[in-house]
Amino acid sequence: MLHDTIAAISTAIGEAAISVVRVSGPQALSVAQTVFQAAKPLTELKPRQAYLVNALDSDGGRLDQGLLLLFRAPASYTGEDVVEFHGHGGLLVTQKLLESLLAAGARSAEPGEFTQRAFLNGKMDLTQAEAVMDLIHAQSTLALKAAHEQLGGAIGKEAAALREELLPVLAHVEAYIDFPEEDISPDTGAALVAKMDLVLARTRRLIDTSEQGRILRHGARTVICGEPNVGKSSLLNLLLGFERAIVSPTAGTTRDTIEEIIQVHGIPLRLVDTAGLRASTDDIERVGIERTQRELERADLILEVVDGSLPPASSQRVALPPEVESRRILILNKADQGQHPGWKDGVALSCLDNTGVEALRDAIRAVIMSAGTLQADHPIAINARHKACFDRIAIQVQAARTALMDGAAPEYVALDLREALQSLGEVVGIVDVEQILDVIFSSFCIGK
Ligand SMILES: Nc1nc2c(c(=O)[nH]1)N(C=O)[C@@H](CNc1ccc(C(=O)N[C@@H](CCC(=O)O)C(=O)O)cc1)CN2
Ligand SMILES: Nc1nc2c(ncn2[C@@H]2O[C@H](COP(=O)(O)OP(=O)(O)OP(=O)(O)O)[C@@H](O)[C@H]2O)c(=O)[nH]1
Ligand SMILES: [Mg+2]
């Protein structure tokens, strides 16, 4: 079990109005007793009630005055005794407070260790612990919604439901192991196959949400491309709302790709501004252009910018493979200079006077939504770790199904089913998690 007591600064490091330092573990109250001066011994204070106390530094000198909040195990975030101090948000005062708690016997918490303890103490399953970080990292409304859903246990419930479907199948098959003289009858076999098919369909539906998960967690890969000088960097700056990329009348200004995350109608986009596409003899520019080509191949969305005031010419257009055509939006920039009548479609826009941006946002949403990967009404979005587990589950259930259909011995069918159940346990962290815990929690913030 967890015998030591951990402490960390749980708010961002920097000057702020308030900062929170927290302690969790069996000695949380005794450690805090050394550091905080309250009217009564901490054990006599009411849990979950704020008290104004003095905080002392490690030499016993006055350090800060702030609010103390305590939680008694198991009714806390971590499931352990927890003491929080909400002090003045100064860099030095907060750091000294942590040192004082460490001197009083707490150990510095590792990244994610509070949430890891919440998981280890059964306060949440592994998918919920992961959702805590998704929630903190969310950069769009839809990502936030999916994180809330997962934090509420949506993926854990799906895993539990699949387990409930699979367990009776396994029990049934195992019953035949004990009676080797009896074969599984065709009727029973068909019923078991039907149940496995249900599990397979449900598993595949979950796997299908991993693309949505990728977009919500990392943003839809959006490439701004076009000839030099058409206004690609101006468009990036316009969508971002600040001057991120250098804009200049010199063609070939942008050489390297520039990436930023923005939100359009609740959808996160990882926006990539690229080097203008043209035949170039400049080595550096050529590398930039090759990079653009690679980005185009893996893009979820392509914003192709042309100067709409000029007549359409093939040199203006970016040659794209047909399969990405449905993901392209043609943007006729420089609408302030008038639109050449030769352009038949496209979204007219002016980076100079800000017109056409709303139409572009709508077009972006339409393209992303029509790809079918994002579903606003289906906020479940599994991550790469979940996908690896569900992929295995699908393979294992499929193998059990094939074995059963082929009349294999029930032992073999049972083996595959047990593996599938094992993988289901991994999703929520019931089994086999020791090695993955460090990987998951090390990506957390300290103090979370
Ligand atoms: N000050 C502060 N704010 C915070 C947190 C925190 O730890 N401290 N949280 C964390 O990072 C989040 C809130 N999450 C929390 C989740 C459960 C419990 C808790 O005390 N659970 C008990 C009692 C539940 C109840 O009374 O309904 C339990 O689960 O038994 C506390 C915070 C965000 N805001
Ligand atoms: N009139 C007008 N000028 C624009 C508009 N958008 C951009 N420009 C100008 O066009 C020039 C090129 O803009 P950039 O955004 O640097 O173009 P780019 O496509 O990123 O160019 P490269 O990085 O060289 O490929 C600059 O002088 C901009 O001020 C617009 O909507 N109207
Ligand atoms: Mg540029």
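**Figure 1. Five nonpolar residues, one polar residue and two charged ones make up the shell around ligand 1.** Welcome to a predicted model, in which local features need pLDDT of at least 70 and side-chain atom pairs count only at pLDDT 80 or more, while totals for chains, interfaces and linings use all residues. Residues are numbered from 1 along each chain as its sequence is written, and chains are lettered from A and ligands numbered from 1 in the order in which they are written. Around ligand 1 you will find Val20, Phe71, Pro74, Ala75, Ser76, Tyr77, Glu84 and Lys123; a residue belongs here if its C-beta atom, placed from the backbone, lies within 6 Å of the ligand. In this grouping, Ala, Val, Leu, Ile, Met, Phe, Trp, Tyr, Cys and Pro count as nonpolar, Asp, Glu, Lys and Arg as charged, and the others, Gly among them, as polar.

**Figure 2. A cis peptide bond leads from Ala73 to Pro74.** The omega angle of this bond is near 0°. Most peptide bonds are trans. Pro74 sits in the loop between strand S5 (62-71) and strand S6 (82-88), and Pro74 is also one of the residues around ligand 1. Strands (E, at least two residues) and helices (H or I, at least four) are DSSP runs, numbered from the N terminus.

**Figure 3. Lys123 and Lys448 both carry the UniProt annotation "binding site".** The annotation comes from an unreviewed entry and covers Arg22 and Glu84 as well; UniProt positions are given in the numbering used here, feature names are shortened, and annotations may be inferred rather than shown by experiment. Is each lysine buried or exposed? Lys123 is partly exposed, because 17 other C-beta atoms lie within 10 Å, whereas Lys448 counts as buried, with 20 such neighbours inside 10 Å. The cut-offs are 20 or more other C-beta atoms within 10 Å for buried, 12 or fewer for exposed, and partly exposed in between, with C-beta atoms placed from the backbone. Lys123 belongs to the loop between helix H3 (113-120) and helix H4 (126-137), while Lys448 lies in the segment after helix H13 (434-441). Leaving aside neighbours within four places in sequence, Lys123 is in contact with Thr78, Gly79 and Ala118. On the same terms, Lys448 touches Ser10, Gly112, Phe114, Thr115 and Val132. Contact here asks for C-beta atoms, placed from the backbone, within 7 Å.

**Figure 4. Seven strands form an open sheet with mixed pairing.** Follow the order S3-S4-S5-S6-S2-S1-S7 across the sheet. Which strands stand at the edges? They are S3 (36-37) and S7 (107-108); each has a single partner strand, so one side of each is left without a neighbour in the sheet. Strand S1 (residues 6-9) pairs with S7 in the parallel sense over two bridges, and Ala7 stands opposite Ser108 in S7. Two strands pair if DSSP finds at least two bridges between them. In the loop between S3 and strand S4 (51-56), look for Arg48, whose phi is near 60°, a positive value in a residue other than glycine. Arg48 is exposed, with 11 other C-beta atoms within 10 Å.

**Figure 5. The shell around ligand 2 holds 22 residues.** Gly231, Ser233, Ser234, Thr254 and Gly276 are the closest. Helix H8 (residues 232-240) gives the most to this shell, with three residues. By kind, the shell has seven nonpolar, twelve polar and three charged residues. In the loop between strand S8 (220-226) and H8 you can find Asn229, a residue other than glycine with a positive phi, near 75°. Asn229 counts as partly exposed, with 19 C-beta neighbours inside 10 Å.

**Figure 6. Strands S9 and S10 form a hairpin.** S9 (residues 258-264) and S10 (residues 267-273) pair in the antiparallel sense over seven bridges. Ile261 stands opposite Arg270 in S10. Two residues lie between the strands, and His265 in the turn has a positive phi of about 50°.

**Figure 7. Strand S12 has parallel pairings with S11 and S13.** Six bridges join S11 (residues 301-307) to S12 (residues 328-333), with Leu330 in S12 as the bridge partner of Glu304. Two bridges join S12 to S13 (residues 347-348), where Leu332 stands opposite Ala348 in S13.

**Figure 8. The protein chain is assigned three domains: domain 1 (6-123), domain 2 (129-209 + 382-429) and domain 3 (221-370).** These bounds come from an automatic or database domain assignment. The C-alpha centres of domain 1 and domain 3 lie 50 Å apart.

Technical notes: Two residues are in contact if their C-beta atoms, placed from the backbone, lie within 7 Å.
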